[in-house]
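Hi everyone, thanks for making time. Let me put the structure up, and then we can walk through it together.

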Amino acid sequence: MTGVGVVVRRAVVCGLAVLPLAACSGEPGESDMRKLVESHTKRALDGQGQGGFRAFDGFRKQGCVNTKYKAGAPPPEDKQYDCYYEARFVPQPGMPVMTVNGKGRFTRTDKGLTFEDLGAQPR
């Protein structure tokens with residue numbers, strides 16, 4: 001094998017070795033976050049009598065950090081992440097598209113991933 005072939009092979013092997021670590025991090029993926037935040041947004045808007053919301057026009061995960069706990073408080077058994085996102089949607093039919101930056105707490109439990117809204121601000 002030539003020098004270039006060896007370098008490419010090493011890069012592929014190293015890249016494949018990292019994949020399981022990324023998949024096991026526990027941090028929620030963008031599609032899981034989108035599903036939970038969309039569901040929450042639909043319930044919130046429907047509860048305010050502002051039906052018509054179906055889905056986001058765009059959603060982007062901006063990043064996650066491990067949830068910080070108060071000093072001396074034991075961390076819960078379930079893994080929690082505070083995640084930031086950007087969502088674009090039409091809040092009501094006929095209204096312009098709105099973009100919001102939001103923050104949510106995503107918790108992995110034995111029953112799956114849960115979402116707690118920590119706030120969102122229009123951009």
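Of the contacts here between residues at least 6 apart in sequence, 47% link residues at least 24 apart, where contact means heavy atoms within 4.5 Å. Please keep in mind that this is a predicted model, with local features needing pLDDT of at least 70, side-chain atom pairs counting only at pLDDT 80 or more, and totals for chains, interfaces and linings using all residues. Residues are numbered from 1 along each chain as its sequence is written, and side-chain values use heavy atoms, leaving out hydrogens and water.

What pattern does the protein follow along the sequence? It reads α-α-β-β-β-β, with two helices and four strands. These are DSSP runs numbered from the N terminus: H or I with at least four residues for helices, E with at least two for strands.

Now, how far can we trust it? The mean pLDDT, the predictor's confidence in each residue from 0 to 100, is 80 for the protein, and 73% of its residues reach 70 or more. Confidence is highest in strand 1, at a mean of 96, and lowest in helix 1 (residues 3-23), at 44. As a rule, where pLDDT is low, the predicted coordinates should not be read in detail.

On to the inside. Of the 123 residues, 25% count as buried, that is, under 20% relative accessible area with a 1.4 Å probe and protein chains only; exposed is over 50%, and partly exposed lies in between. The largest nonpolar core holds 16 residues, and Met33, Val37, Phe56, Phe59, Tyr85 and Phe106 have the most contacts inside it. Such a core is a set of buried Ala, Val, Leu, Ile, Met, Phe, Trp, Tyr and Cys residues joined through side-chain atoms within 4.5 Å. Helix 2 (30-47), strand 1, strand 2 (79-89), strand 3 (98-109) and strand 4 (112-122) each give two or more residues to this core. Its largest share, five residues, comes from strand 2.

Setting aside residues up to four places away in sequence, Phe56 touches Arg34, Val37, Glu38, Thr41, Ala87, Arg88 and Phe89.

Beyond neighbours within four places, Gly58 contacts Arg34, Glu86, Ala87 and Arg88.
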